[in-house]
Amino acid sequence: MIICPNCKHANMDGALFCAECASQLAGKDLITQNITTQKFDRANEQRLKNDMYQPFDGSDAWGSLHLLDTGQVLPLSTRNEFTMGRISEGQPIMPDIDLSPYQAYAAGVSRLHAVIKRDGSRIVFIDLGSANGTYINGKRLTPNVEQVLNHGDIIALGKLKLQILVKNA
Amino acid sequence: MASNKPDHYTTLGVFRDASQEEIKRAYFEAAQRLHPDKNVAAGETELFLEIQQAYEILSNPKRRNLYDATLPPEIDVNSVVKHETLFSRSNLVKLGEAQLIYMLLEVSPREEKESLPAPPLNICLVLDRSTSMQGDKMDMVKATAIQLLRSLRAEDVFSVVAFSDRAEVIIPAAFNSDKKKQESRIQMMQTSGATEIYNGLKAGLQEIRRTVDPSRVNHIILLTDGQTYGDEQDCLKLAEEAAAQNIGISGMGIGHEWNDIFLDALASKTGGSSAYISNPKDIQRLLVEKFNALISTYADEVVLEFKEQEHVKINYVFRLQPEGGSVAIESPMRLGPILRDAPLHVLFEFIVDSSTLEEDIVSLLNGSLKISIAARPVPVPPIRLNLKRDVHTNPSPEPPPTRILSALSRLTLYRMQERARSAADSGQFDEAVRHLQNLATHLLSKGEHSLAKTALFEAENLEKMHAWSASGNKDIKYHTRALLLGGQKEKVK
């Protein structure tokens with residue numbers, strides 16, 4: 001028997017979703033598990049670096065976002081504007097930077113949460129009316145208003161914290 | 001002496017260890033289909049003779065033994081289709097209580113998509129022309145029927161039947177017909193009378209039988225906007241007859257007065273499902289979509305024949321794609337078609353009784369998949385499906401496969417809606433309201449704001465008036481079903 005943590009309904013053993021309230025009962029931390037193993041897996045880390053992260057020197061990345069919880073790095077290169085959010089199944093919304101592998105759902109990241117934009121030497125951040133808000137160094141942004149970002153600023157999308165590092169800063 | 005001819009077992013479409021009973025049945029089925037009095041396509045008489053020869057040998061145990069001795073060993077790999085089964089957990093657990101296990105079955109063509117043949121169509125459009133169809137709905141139906149007529153290939157057969165309390169054949173099923181004349185026949189359709197689906201379905205089946213042919217995709221599309229009264233059972237019987245002849249039925253309901261439970265039941269008898277057209281504007285889009293799906297048919301039907309396993313209950317079966325829909329739990333189980341660009345995905349939920357868990361291995365399902373492919377006159381070798389799971393003392397540490405999780409996360413919403421509905425039907429309004437509120441919570445978290453709103457609105461309706469709004473239950477049902485498909489499509493991308 002599996003007791004649903006949400007509604008205390010007694011579900012049959014082997015149930016994956018609560019029959020009463022549809023809460024997920026198993027495999028919930030699937031994604032997190034993958035990340036923690038990746039962190040210790042040298043081979044994976046290597047691949048991660050090759051695929052996603054190009055170091056500043058010699059690459060065209062103009063900046064990068066560091067996930068404070070997991071230490072992973074998302075490079076910002078080849079274009080000047082990125083939408084950020086999480087891809088959710090059954091939805092046609094495709095943010096340029098998908099945060100769903102980093103527990104974005106649990107952290108309250110909206111599907112289309114924010115935009116990061118390079119405008120000349122200036123880097124700006126815009127909250128797109130997200131449900132749980134965007135914070136820069138702890139200060140909540142007004143939705144749809146540009147906010148200038150500086151090297152080392154801490155951005156929070158809901159509870160997901162990222163640090164922005166800017167090249168040549 | 002090597003020959004390319006299939007062995008007698010393949011000709012009849014049975015396994016080598018088939019019982020005399022099974023051989024007899026396979027022979028009767030094939031003979032009915034290919035009898036010289038009925039068959040139309042070239043080469044079918046020869047095929048009929050081969051089947052007779054096969055039966056003569058295999059039905060006689062002595063001759064069968066002699067024949068078996070000449071056969072090369074059985075190759076277990078199916079040359080035509082491939083299938084995959086995925087379980088929610090790798091083993092069952094020794095426990096003093098019943099437990100659940102899920103299985104995802106995927107069946108797809110083995111060949112490359114491009115090289116798959118496109119079978120000709122034999123389609124009958126059965127149109128409701130009762131008074132309520134007047135105006136927009138009828139105009140859209142006419143325009144779409146004409147558009148479909150024009151888009152046909154030379155080898156396709158297209159017939160149209162209109163019905164109210166009587167049925168009238170607007171376009172008879174025939175080859176080489178005069179399209180100009182047919183268009184004007186469609187234009188001249190008038191609305192009048194009440195909705196009696198049985199009459200329409202019967203006439204439609206009659207038309208489609210004129211040109212029914214196993215090498216075609218034979219399909220009836222039923223379009224209605226109203227309830228039929230008293231003839232539901234007869235309709236279901238017709239659908240069973242149609243299914244036995246490999247004629248599929250799809251139902252499309254316009255507006256909110258039609259009976260979706262009935263239309264779903266009718267279509268699922270043949271492995272099809274129903275669609276909901278909330279706005280007459282969508283008639284064209286949905287009919288054309290349906291038509292395109294039929295044109296891209298690879299196998300018109302995958303049928304699961306199985307024996308009930310003791311202490312294991314098949315609790316719920318749902319087709320995730322190509323077209324979402326519940327599957328009726330009976331043997332033979334009509335799972336649905338395989339399209340050239342969309343394999344068949346079906347999710348099974350088993351309940352395993354605690355008494356079997358004393359054993360070391362539990363058999364969940366024992367049966368075979370039979371696949372009829374319109375473009376192949378020779379029967380496809382059946383696929384044996386013997387699903388077993390080990391029973392261990394401890395649950396397996398592996399998490400369930402993500403494919404099952406993601407399918408189930410969406411299916412759970414659909415089932416929530418089903419639960420709300422059956423609770424409301426049996427007068428348990430509190431329970432129905434609770435289910436709808438839970439559904440709304442999950443819809444919100446998935447970003448389905450407008451559908452969540454509809455669910456909450458209906459919850460309020462049920463609470464206050466103990467009734468659904470006019471279109472509420474259909475809106476919720478078909479939209480939660482559409483979420484299932486949306487997810488699938490995204491995966492294909």
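1. In this predicted model, 30 residues of chain B are in contact with 18 residues of chain A, contact meaning that the C-beta atoms, placed from the backbone, lie within 7 Å. Local features need pLDDT of at least 70, side-chain atom pairs count only at pLDDT 80 or more, and totals for chains, interfaces and linings use all residues. Residues are numbered from 1 along each chain as its sequence is written, and chains are lettered from A in the order in which they are written.

2. On the side of chain B that touches chain A, two or more residues come from each of strand 3 (99-109), helix 11 (402-425), helix 12 (429-445) and helix 14 (472-492) of chain B, where helices (H or I, at least four residues) and strands (E, at least two) are DSSP runs numbered from the N terminus. Helix 11 of chain B gives the most, with nine residues.

3. Chain B also holds an open sheet of six strands in the order 6-5-4-7-8-9, with mixed pairing; two strands pair if DSSP finds at least two bridges between them. Strand 6 (167-171) and strand 9 (274-277) of chain B are the edges, each having a single partner strand, so one side of each lacks a neighbour in the sheet.

4. Strand 8 (residues 247-254) of chain B runs parallel to strand 9 of chain B and is joined to it by four bridges, and in this part of the sheet B:Ile254 stands opposite B:Ile277 of strand 9.

Note on methods. Contact = placed C-beta atoms within 7 Å.
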